[in-house]
Amino acid sequence: MLYDLYGCALSTSSRPAAAKFDQALRQIRTYHGDPIATLDAALEDDGQFGLAWITRAVVLAQMTDRLFADEVTRSLRAARACELDDRERAHLAGATRWAEGQMVASTATFARIAQENPRDALAVQIAHAGCFFTGQQFELRDIPFAALRAHGPGDEARHAILGMAAFGLEECGDYARAEALGREAIELEPLDAWAAHAVAHVHEMRGDIDQGRDWLDRTSQGWSQDCGFGYHNWWHLALLHLDAQDPKAALALYDERIRPNDEANIALEMLDASALLWRLYLEGVDTGDRFARLARAWELKAEDGVLAFNDLHAVMAFIGADQHALAERSLHAMRRTAQEQGDNALMTSAIGLPLAEGFVAFGAGRHAEAVEKIMRVRGQAQRFGGSHAQRDVLPLTALHAAVRGGMRATAEALAAERLAHKPQSPWAGRLARYAAATDASQRVAAE
Ligand SMILES: [Fe+2]
């Protein structure tokens, strides 16, 4: 019997395959290298290595991108032909559920595996990512906390468990503990891109822009090279530059780190590109032809219907690029998705579609409608996944819509809540002044 680096039994008798699987686990844990290539190498050693197929499937499936659908299907088919033990069979069930669009059930399956096998850091990580995509904030925190009991000082995956707990704590608003655990994780493993990210979130939520920029600068050595998560940490740094009223620095990061290649077509990366350009657009910053270039890439995914959160970000790019027909095409596809089965149908009908309609209304200058549509679902928007920092685009857009629509009370309310959360944020201060200067003679809706 062979075991992985965490001590979990593996249904392979190939030592080279098991060693490569361990290498893939390390890569997945820190978001470095190409774990799919490493899993493929393991499968070359042993084509009947079921957990390698399953892990390949779930890692690709959690990219939430139709681009990988065929490979997910092929990997799951291969896994079903392999001999598996109970834990591996549970992994197969979880991966299959995700591939079938049952993201919440899949996440619960991996969470149960993690409860029963707390040393299975891979299951913890997949469950944690699942919670992120399905907006389960308490579980984001509690699943890693439960696993921490099996990853003591000196254990290899302790940094990752701490980093996940840090992010969960941050999403639950416990910033002090989040920062402490995230920093501890980075001390253990400077390559832990997710732990660095958790602390970046703490600074974003507090509006500690100088500390946030310093943290990301200092840790960037650990996540800027050969790291599949680097683009997102750069996005966080760009947000902090925007807060400091330095859009030039934010655009430089966009060009060099976040969207260096117009041909790149990974949805999760394109999403951050949209999210940054949209914030610049709200601020009235000239972004040149960047929206148009990004919209060309999103056009290929305009009707994918994989994740409502992605669809909203495609719509942002279409609006910013003045491609209103494409935005309408996305809305049409989202309305169709909303009628289907599975978690994304619910996310789309309850959250993604009203928001996308609100953003389209904003782009068309129908400001009162934009405010109404966004504010109606904002309180439940975690149900379509993402982080607080990402979903901050909702009140931000609503605030701009309120000012432009002459809805002073709404604008001031949104500015006041932001300032209460981030008293030292220059951006929050600027928005408060912007809201106070609302020209109520432009009023387009009763308040
Ligand atoms: Fe983030």
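## Close-up views of a predicted model

**View A. With a relative accessibility of 28%, Asp40 counts as partly exposed.** This legend, like those below, describes a predicted model. The salt-bridge partner of Asp40 is Arg56, at 2.6 Å from N to O. Asp40 belongs to helix α2 (residues 35-45) and Arg56 to helix α3 (residues 50-61), so the pair ties together parts 16 residues apart in sequence. Arg56 counts as buried, at 4% relative accessibility.

**View B. Four histidines hold the iron ion: His197, His201, His232 and His236.** Each donates its NE2 atom, at 2.1 to 2.2 Å from the ion. Along the chain, the donors are spaced as H-x3-H-x30-H-x3-H. His197 sits in helix α11 (residues 193-206) and His236 in helix α13 (residues 230-243), so this pair ties together parts 39 residues apart in sequence. Why is the arrangement irregular? The 4 donor atoms subtend angles of 84 to 177° around the iron ion, which makes it so. His197 is buried, with a relative accessible area of 1%, and His236 also counts as buried, at 1%.

**View C. Glu156 and Arg26 meet through their side chains in a salt bridge (3.0 Å, N to O).** Glu156 lies in the loop between α8 (137-147) and α9 (158-171), while Arg26 is in helix α1 (residues 15-30), 130 residues apart. Glu156 is partly exposed at 32%, as is Arg26 at 34%.

**View D. Glu179 pairs with Arg206 in a salt bridge, their closest N and O atoms 2.8 Å apart.** Here helix α10 (residues 175-188) supplies Glu179 and helix α11 supplies Arg206, 27 residues apart. Glu179 counts as buried at 15% relative accessibility, whereas Arg206 is partly exposed at 23%.

Conventions
Residues are numbered from 1 along each chain as its sequence is written. This is a predicted model: local features need pLDDT of at least 70, side-chain atom pairs count only at pLDDT 80 or more; totals for chains, interfaces and linings use all residues. Side-chain values use heavy atoms; hydrogens and water are left out. Donors are N, O and S atoms within 2.8 Å of the metal (3.2 Å for Na, K and Ca); water is not among the atoms, so sites may look incomplete. Four donors count as tetrahedral if all angles lie between 85 and 135 degrees; four count as square planar and six as octahedral if opposite donors are over 155 degrees apart and all others between 65 and 115; anything else is irregular. Helices (H or I, at least four residues) and strands (E, at least two) are DSSP runs, numbered from the N terminus. Buried means under 20% relative accessible area, exposed over 50%, partly exposed in between (1.4 Å probe, protein chains only). A salt bridge is a side-chain nitrogen of Lys or Arg within 4 Å of a carboxyl oxygen of Asp or Glu.
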